[in-house]
Amino acid sequence: VTLAANQSPAISADGTIAAMPVRDFLNYWPLHMAGGAREWIDENIKTGRIGPIALHANIKAGALDLPGLPDDELNLSVPLADASVIYIHGFPPMTGVQGTALLTGDTFKASIAQGIVGPLKLTQGLVTIAQLHTSGTVADIQGHVDGSVQDLLKLIDNKPLQYPTRFHINPASAKGTSSTDLSVQVPTRHDVNTDQIGISAKVATTDFGIQLSKTTKITGGDILFNV
């Protein structure tokens, strides 16, 4: 640590931190370093273990006085195991999450090898949150989801989306299996409404069926949906 007159000190550090519960890790996180990432983890990752953590920091004098820390001045790699993660407020949490989080100054990325949302299975997940110092910055969430059509429709019928309800579709009438490539952009705020959430999906279904009305239904379909 090198003290500098009238500005934050320069910090050079390399090391590892032993594995620990994610909630314990927050007790050691400096309050004024990458505060947006710390706040997101505090609000959205409630259980799980992280580590061993690898740290490389080369923070220049005065950098900690800036709104956001430059990405090339901090690299914190954090393996994540058996975590519970909130990705959209109002949706059931993702559990059993295995992956690696990477904090580089003002950017947070999490690569998710696997996770579970109820009966649905997630793989190939990637969460990117840039400009962590900015209030309400958008989280970009990508992933591949496998499961039944019914369970997928039940998931997106949760608030704030409620897509099946809005289009008068009863998820309980759905049949078939689905394989979905999902993309979601959601502001990192509590007061998010439906219009502020961007969602797109490519859904391949097998043996698809659904009740459209009292007299009309689809059965036995192998259909690719682009939403």
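**Briefing: core, strand pairing and salt bridges**

Arg23 has a relative accessible area of 30%, so Arg23 is partly exposed (buried means under 20% relative accessible area, exposed over 50%, partly exposed in between, with a 1.4 Å probe and protein chains only). This is a predicted model, in which local features need pLDDT of at least 70, side-chain atom pairs count only at pLDDT 80 or more, and totals for chains, interfaces and linings use all residues. Residues are numbered from 1 along each chain as its sequence is written, and side-chain values use heavy atoms, with hydrogens and water left out.

**Salt bridges**

- The whole structure has two salt bridges (a side-chain nitrogen of Lys or Arg within 4 Å of a carboxyl oxygen of Asp or Glu).
- In one of them, Arg23 pairs with Asp42, and their closest N and O atoms are 2.5 Å apart.
- This pair links distant parts of the chain, with Arg23 in helix H1 (residues 22-26) and Asp42 in helix H2 (residues 35-44), 19 residues apart. Helices (H or I, at least four residues) and strands (E, at least two) are DSSP runs, numbered from the N terminus.
- Asp42 is partly exposed, at 29% relative accessibility.
- Glu73 forms a salt bridge with Lys60, with 3.7 Å between the closest N and O atoms.
- Both Glu73 and Lys60 lie in the loop between E5 and E6, 13 residues apart.
- Glu73 counts as buried because its relative accessibility is 5%, whereas Lys60, at 47%, counts as partly exposed.

**Nonpolar core**

- The largest nonpolar core has 55 residues, of which Ile41, Ile50, Tyr87 and Phe108 touch the most other members. Such a core is a set of buried Ala, Val, Leu, Ile, Met, Phe, Trp, Tyr and Cys residues joined through side-chain atoms within 4.5 Å.
- Strand E6 (residues 74-85) gives the most to this core, namely six residues.
- Leaving aside neighbours within four places in sequence, the contacts of Ile50 include Ala19, Phe25, Val78 and Leu80 (contact means heavy atoms within 4.5 Å).

**Strand pairing around E6**

- Strand E4 (residues 45-50) pairs with E6 in the antiparallel sense over four bridges (strands pair if DSSP finds at least two bridges between them).
- Ile45 stands opposite Val85 in E6.
- Strand E5 (residues 53-59) also pairs with E6 in the antiparallel sense, over four bridges, and Ala54 has Ser77 in E6 as its bridge partner.
- E6 and strand E7 (residues 94-104) run antiparallel and are joined by seven bridges; Val85 has Met94 in E7 as its bridge partner.
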